[in-house]
Amino acid sequence: MKENSAQNRAISHDKGPMMLLAGPGSGKTTTITKRVVNLIQEKKVTPSSILVVTFTKAAAREMKERFLRLCKEKNVNAPYEQVTFGTFHGVYYSILKYAYHLSVQNILSEERKYDILKEIVYRQKLTIEDEKEFFQGLVQEISMVKNGRIPLEHYYSVNCPDDTFRIIYQEYVKRCKTSKLLDFDDILLYTYELLTNRNDILRGWQKRFTYILVDEFQDINQLQYDVVKLLAKPEDNLFIVGDDDQSIYAFRGAKPEIMLGFEKDYPTAKRTLLGINYRSSSSIVDAAGRLIRHNKMRFDKEIQAFRGAGRPVAVMGFADA
């Protein structure tokens, strides 16, 4: 299918920051991969200097496969295999790995994490009604503190008394450091600390990745964003793609307000809306639009359906689950 004008603006974007608002079914993956090809073919950007980041291994793998197929179709005459596709954790782990010579043995397994926390918690002699629910909540809170870079004294626990949570948190962090183990959140936290404390290492990675594209940006957390901003300097060739209406990971630290504030952080950023939904009928797109417009903290969007009217949407209410 031929690109529409909004897709073309995004694909042909060259230098500087840009925000692409991409609703469901709007062809965002195609737009991202075609922009990377355009950077290589038209802008003569070195493939190894391009970094594409998304949230899951499956999404990164699919995007890379589509990009490689596109390069073959267009007979790209450059080492396009050198473009880096990865998750936040995968890319940031690579940065730590080079700096600290880490191996998989340094990554804390979920099973070992729970074992450490249980040892610490049982010493506190807490009354716990539902152990599974308690420890899941505790892990989530530890993750929130790390990813939000929240000072421990300013965090108020919902799972246990605040003083007790702080003791558990500090002991857990101490145990991990003593054992030279990193949990998934530490990968983000230690990357940020490394890049803020070692300008030489930061400059090296800034020179390596001069173009950064981030997919599903509405689900980014503060720590991930802080590292991305560091890596993108000084050129700030940061191309973000997402839909603030689709942010569903607040429970694990995602902050859609980061996307809403992107243009304050980057006043020269261009903004483009992929406003055509190629997946759904207009009855679905219009009904969804009427509902989501009740949210006040969002980018205003006018989305049109490509596939025609379709069947009417049935709205039903139920008395209970």
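1. In this predicted model, L51 has T84 as its bridge partner in strand 3, and the chain passes from strand 2 to strand 3 by way of helix 3 (residues 57–73), in a β-α-β crossover that is right-handed. Strand 2 and strand 3 (residues 84–87) run parallel and are joined by 4 bridges. L51 also stands opposite I212, a residue of strand 4, and the pairing of strand 2 with strand 4 (residues 211–214) is likewise described by 4 bridges in the parallel sense.

2. How many residues of strand 2 (residues 50–54) are buried? The count is 5 of 5, so that the strand may be called mostly covered, given that burial is set at under 20% relative accessible area. The side chains divide between two directions, with I50, V52 and T54 pointing one way and L51 and V53 the other, and the residues pointing in either direction are all buried.

3. The largest pocket deserves a careful look, and its volume comes to about 1,200 Å³. Its lining is made up of 41 residues, of which F55, T87, F88, H89 and F184 are the closest to the centre. At least two lining residues are supplied by each of helix 3, strand 3, helix 4, helix 5, helix 6, helix 8 (184–197) and helix 9 (199–208), and helix 4 gives the most, with 7 residues. By class, the lining of the largest pocket contains 19 nonpolar, 14 polar and 8 charged residues.

4. The second largest pocket holds about 440 Å³ of space, and among its 24 lining residues the closest to the centre are V285, A288, G289, I292 and I303. Two or more of the lining residues come from strand 7 (276–277) and likewise from helix 13 (282–292), with helix 13 providing the largest share, 8 residues. The lining of the second largest pocket divides into 9 nonpolar, 7 polar and 8 charged residues.

5. The largest cavity has a volume of about 30 Å³, and the residues that line it are K113, L117, V139, I142, S143, Y172, D183 and D185. Helix 5 (110–123) and helix 6 (131–147) each contribute at least two residues to the lining of this cavity, and the largest share, 3 residues, is that of helix 6. What is the make-up of the lining of the largest cavity by class? There are 4 nonpolar, 1 polar and 3 charged residues.

6. On the cysteines, the search of the whole structure finds 0 disulfides. For C160, which is in no disulfide, the nearest cysteine sulfur is that of C176, 17 Å away. C160 counts as buried because its relative accessibility, 10%, falls under the 20% limit. C71 is buried as well, with a relative accessible area of 1%.

7. Where does P234 lie? It belongs to the loop between helix 10 (222–232) and strand 5 (238–242), and the peptide bond that leads from K233 to P234 is cis, with omega near -5°.

Notes. Residues are numbered from 1 along each chain as its sequence is written. This is a predicted model: local features need pLDDT of at least 70, side-chain atom pairs count only at pLDDT 80 or more; totals for chains, interfaces and linings use all residues. Side-chain values use heavy atoms; hydrogens and water are left out. On a 1 Å grid over the protein atoms alone, a cavity is a set of points where a 1.4 Å probe fits but cannot get out, and a pocket is an open set with protein on both sides within 12 Å along at least five of seven lines; lining residues have an atom within 4 Å of a point. Grid points are joined across faces, edges and corners, and a volume is the space filled by probe spheres set on the points. Ala, Val, Leu, Ile, Met, Phe, Trp, Tyr, Cys and Pro count as nonpolar, Asp, Glu, Lys and Arg as charged, and the others, Gly among them, as polar. Buried means under 20% relative accessible area, exposed over 50%, partly exposed in between (1.4 Å probe, protein chains only). Two strands pair if DSSP finds at least two bridges between them. A crossover is right-handed if, with the strands pointing away from the viewer, the path from the first strand over the helix to the second runs clockwise. A disulfide is a pair of cysteine sulfur atoms within 2.5 Å.
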